[in-house]
Structure formats: C-alpha cells, structure tokens
Amino acid sequence: MPALSETQRLVRNALVQSDFDAVSPILVGGHDPAARLAIHRRHYHASLVDALRTRYPATAWLIGDVAVTTAATRYVIAHPPRVFCIAEFGADFPRFLGSEPSLSAVPYVEAFAALEWQVGRVAVAVDSPALTLAHLATADSASLMSSSMIFQPGVVYMAMGWPVDALMRIYLSNQVPPQFHMTPATTHVEVRGARGALHITSLPPAAWTFRHLLQSGRAIGQAAEAALDLDPQFDPGRALVELCDLSLLTRLA
Amino acid sequence: MFPHLSGAGIGLRLPHLADVVARPPRVPFFEVHPESFLANPHATELLLTIADRHPVSVHTVGVSIGSASGVDHAHLDRVKQLVDLVNPVLLSGHVAWSTHAGEYLNDLLPLPYTEESLKVLVEHVRQVQDAFERPYLVENPSSYVGFGDSTMTEPAFLTALVAETGCRLLCDVSNVYLSAHNMGFDARAYLDSLPAAAIAELHLGGFEAEPDESIPGATLLVDTHGTSIDPGAWRLYEYAIARFGSIPTLIERDNDIPDFDVLLAESRLARAHAAAALSRNHARAV
C-alpha cells in the first residue's frame with residue numbers, strides 16, 4: 001500500500017504525463033480503472049488549454065486558434081499550474097510561444113502575447129481614489145523630489161522590441177487594414193485599465209522612463225534625472241501635473 | 001444551525017455578475033468560488049455589492065484539504081481576505097485533493113479512504129477552520145475510480161471526519177447519484193449512512209453519460225456541471241430532503257452556462273421537489 005503522497009504522485013503523473021502504468025495496479029472501478037482515471041486527465045488538459053485560449057484570444061486572432069491550442073497543449077504538460085486561480089495561469093505562456101519553432105515566422109508573437117497578458121490583467125483592476133494636483137501641492141516641496149509615488153493598480157509600463165501595441169489596437173477596434181507591416185522598433189507603452197475600460201498609449205522614451213521608474217518605487221528626483229538623460233527638454237514638473245490630470249497616481253509613498 | 005438560510009440558491013458565475021447587480025433577482029442565496037475572484041478586483045467589487053443584498057456562500061475549489069503535501073497557507077490567506085469581506089453564510093470545500101508538490105492540477109481528485117488519508121484531512125480541516133474561524137463544510141466527491149487499499153466506505157470516512165473535526169457536510173446529491181452509478185453502490189443506502197445532523201447544505205448539478213471504456217456497453221456518468229439536473233438526481237434529492245429535512249440547496253452550473261432565468265427555473269424546481277418530499281413526510285407522520 002503506497003503512502004498517500006506516493007499515490008498522489010502517481011495520479012499526478014497519469015494526469016500530466018499520461019503515465020498510467022504505475023498507477024493502474026492501485027486503482028479499482030470497472031474492468032479498466034485507468035481508463036476511468038483518464039477522465040481526470042482529459043479534464044486537466046481540456047480545462048487548462050481552454051483557460052489559455054480564453055486568456056489569449058487576441059493571440060489566437062494573430063496566429064490562429066489552432067496554433068494557440070497546439071502550443072497550449074504542449075505548455076500544460078511542460079508547465080503545470082503553480083497558481084490556484086486559473087485566471088493567473090499562463091503568465092509565462094508568451095515566452096513559451098516565443099520559443100516555439102513553429103512560430104518562428106511570427107517573431108513578435110511573444111511581445112504581443114505579453115501585452116495581451118497585461119491587458120487582461122489591468123482590464124479587471126479597480127481604481128483607487130486619485131491623487132489630485134491640489135493634494136500634491138500641499139506636499140513639502142523640499143522633500144518632494146525624494147518622495148516616490150503609488151500608481152493606480154491597473155497601470156503597467158512595457159518596453160517591447162516590436163510595435164505590437166498597434167496590432168493590439170487593431171484587434172481591439174476590430175478594424176483590420178488591408179495591409180500591416182511589422183518592423184522591429186523599440187516601443188514604450190502604458191497600459192491602463194479599470195473596470196473593463198482599457199487604454200494603450202505609446203509614450204516618448206523620456207516620459208515612459210519617468211513614469212516607469214516612479215511606478216517601480218524610485219524617487220521623483222531619480223526618475224526625473226533618468227528622463228532628462230534621455231531628453232534634456234523633458235519637464236518633470238509638467239510630467240507630474242500630467243500624471244495627476246490623468247488620475248494615474250493614488251498617493252505619495 | 002443556519003435558520004436564516006433555506007430554499008434553493010444558485011451558483012453565481014462571472015458571466016452573470018453584472019446582470020445580478022443591475023437587476024437583483026429573488027434568490028435565497030448565491031454561492032461563489034473564491035478562486036474566480038482573487039485575481040479579479042472588478043468582479044470582487046460586484047460581488048460585494050451582491051453580498052450586501054443577498055446571503056452568499058463561499059465554496060472553495062482550490063484549498064485541497066486532501067493533499068499529502070499540505071494546505072497552501074498563502075492561498076488560504078488570500079481566500080480568507082475575501083471571506084472576511086463577504087462574510088458568507090456558509091463556507092465549504094471538497095473531500096479531494098488538487099495539489100501535488102506545488103502544482104495545482106485544477107481538478108478534484110480521488111482519495112483512498114484509509115486511516116492515513118483521514119489523518120491528513122482531519123489535520124487540514126482543523127487548519128482551515130482555525131484560519132477562517134468558522135465551520136467548514138466538506139463535500140462528497142464525484143467518483144469514477146477508487147483505490148484498492150481503501151479500508152472504509154466514503155460515508156464512514158465522512159462520518160469519521162465530522163466526528164474528529166466538528167466540520168459539517170455538504171452533500172452533493174448529484175455526486176452521490178453519479179458515484180453510485182459509476183462505482184456500483186446504493187445511493188439511498190449511502191444517504192442513509194451519513195450523519196444527518198451534520199448535513200448543512202445540498203448541491204445539485206448536471207452530469208453527462210458517456211460510454212464506459214472499462215465495461216463494454218455500459219455508461220459512465222461524468223460530472224460536467226454543464227447540463228440541467230437529471231431526473232434520477234431529482235428523485236434522489238427528494239429522498240435526501242425526506243431524510244435530512246429542509247436543507248439549503250444549491251443549483252450548480254459551471255460549463256455551458258445558460259441564461260440566468262434557466263438557473264432561476266431550476267431553483268424553483270428544487271423548491272417544488274423539496275416541498276413535495278416534505279409534504280409526503282408530513283402525510284406519513286399524520
């Protein structure tokens with residue numbers, strides 16, 4: 001009689017790797033209990049592949065549902081979930097897609113799928129009360145430059161090697177042009193979502209760097225210096241005002 | 001134990017959330033899977049609006065009290081945060097396991113009914129009840145296979161678990177019907193052998209028949225939660241109500257989710273079946 005942990009290891013191997021030989025002798029039920037255990041294997045694969053297809057509809061639009069399903073089928077064997085909420089499963093599926101030899105003709109698939117993952121994540125965010133300019137004005141000006149800022153939960157900054165934001169806008173608007181050429185180009189994107197609403201904005205490198213560093217916890221002064229290194233014309237004061245106007249900030253840290 | 005909760009509630013899934021907020025239906029209670037909300041703050045916001053208006057039961061699907069590798073306390077903490085916000089009328093989970101060595105297998109997997117399994121579940125139910133500071137209801141599984149080394153029946157296992165932990169039972173009537181068909185036991189005898197005083201909730205969900213590859217010509221019932229409730233499960237439900245009394249009941253649908261009105265109709269049907277069973281009991285008594 002195997003220990004419970006060993007029994008569960010054997011069942012796990014049957015589900016994930018279709019290895020039924022080791023588990024069969026300990027099962028009962030019908031004349032071929034392993035065939036019945038295969039119901040659980042079928043559910044494991046079908047439910048997780050379906051979860052990925054549901055999570056990546058834009059990627060399926062880009063490369064085809066068959067390609068996503070094929071990759072997802074391989075992915076769920078190689079990478080069983082390590083999260084308990086299936087909505088959180090598949091964060092590294094974009095990297096997996098990028099490593100698929102069959103998708104080498106679509107070199108921007110990883111960037112596009114990574115953008116889609118973030119789009120899905122922020123679209124269900126809920127805004128917190130925004131920091132207003134009036135509140136910001138009350139901050140001690142001497143210490144302001146060493147302060148950092150807390151952003152809304154539904155804001156993500158991404159730098160990508162392909163302009164996949166343009167592709168994503170086409171997908172979201174459902175207005176497909178007759179032709180669209182993708183050429184590699186560093187793209188700086190802000191993805192903002194809340195309660196189902198979504199905005200994808202391309203930013204100049206300096207503005208993106210300022211916002212990205214602020215969001216990662218850097219002080220206003222440090223973020224401003226980095227932005228000024230990229231663009232001497234960058235105006236940190238105006239950039240802060242803009243962040244308040246867009247309700248992107250919730251408070252000073 | 002829960003005098004304020006009765007009738008047939010509905011399993012509330014994400015596609016119906018916004019409609020239920022916009023047009024609150026007359027439903028005795030809703031039941032939700034917390035794992036559907038933990039990564040979805042917008043859905044949680046809608047759920048809290050609903051919880052202000054309706055009793056809500058929380059039915060965990062990822063706690064995995066049967067895992068030999070232990071309950072994941074980080075997950076338990078996340079669920080507890082939601083439970084504290086919702087303040088559910090019932091909190092439940094499954095006599096099953098879903099995790100192994102840090103992997104989550106997204107299914108409710110069968111356990112051997114042995115002393116070792118019982119010890120594991122007793123420990124984990126205690127941990128869960130301590131963490132949530134409220135009673136935990138445990139649900140009987142739907143079964144396609146068992147284990148040759150099981151030393152007790154499922155009802156005996158559940159009865160021992162109740163005795164050791166003080167937990168309550170969520171009796172999924174459809175699972176009993178399905179498992180009885182698949183594993184070849186008497187569904188009514190199964191219900192008869194459960195500790196009636198521990199039953200705090202009933203579940204009803206749809207299942208589908210498919211050829212049983214292990215027995216030529218036979219069918220296997222598969223727990224899909226994707227169809228309406230089978231007439232045989234309704235008959236067993238009446239038997240369960242006759243035996244356990246007026247227990248809060250949940251209509252579950254997780255796949256091929258229909259219009260909400262379809263679920264409302266099944267909720268009313270459950271109420272009618274329960275009333276029929278109770279009136280027959282009453283008639284016998286007089």
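The model is predicted, so local features are given only at pLDDT of at least 70 and side-chain atom pairs only at pLDDT 80 or more, while totals for chains, interfaces and linings use all residues. Residues are numbered from 1 along each chain as its sequence is written, and chains are lettered from A and ligands numbered from 1 in the order in which they are written.

**The barrel of chain B**

Select β1, β2, β3, β4, β7, β9, β10 and β13 of chain B: these eight strands close into a barrel in that order, with parallel pairing. Strands here are DSSP runs of E of at least two residues, helices are runs of H or I of at least four, and both are numbered from the N terminus. Two strands count as paired if DSSP finds at least two bridges between them. Direction ignored, neighbouring strands of this sheet are turned by 30° against each other on average.

**Around β3(B)**

Zoom in on β3 (residues 56-59) of chain B. On one side, β2 (residues 30-32) of chain B runs parallel to β3(B) and is joined by three bridges; F30(B) sits opposite V56(B) there. The path from β2(B) to β3(B) goes through α2(B) in a right-handed β-α-β crossover. Right-handed means that, with the strands pointing away from the viewer, the path from the first strand over the helix to the second runs clockwise.

S57(B) is opposite L90(B), and V58(B) has L91(B) as its bridge partner. The crossover from β3(B) to β4(B), through helix α3 (residues 73-86) of chain B, is right-handed.

Now show the side chains of β3(B). V56(B) and V58(B) point one way, S57(B) and H59(B) the other, and all are buried. A residue is buried if 20 or more other C-beta atoms, placed from the backbone, lie within 10 Å of its own; 12 or fewer make it exposed, and anything in between partly exposed.

Select α9 (residues 260-285) of chain B, which lies across β1 (8-11), β10 (199-205) and β13 (249-252) of chain B and runs at about 145° to β13(B). The angle, on a scale from 0 to 180 degrees, is between N-to-C directions of axes fitted to C-alpha atoms, for helices over the stretch in contact.

Move to α6(B). Ten of its eleven residues are buried, so this helix is largely enclosed by the rest of the structure. The cover over these buried residues includes β9 (168-172), α7 (187-192), β10, β12 and α8 (231-244) of chain B. After α6(B) comes G184(B), with a positive phi near 75°.

**Where the chains meet**

Show both chains. 41 residues of chain B are in contact with 41 residues of chain A; contact means C-beta atoms, placed from the backbone, within 7 Å. β6(B) gives the largest share of the chain B side, six residues.

For a detail of the two chains, select β1 (residues 27-28) of chain A with β8(B): they pair in the antiparallel sense over two bridges. L27(A) has F147(B) as its bridge partner.

Key
Contact = placed C-beta atoms within 7 Å.
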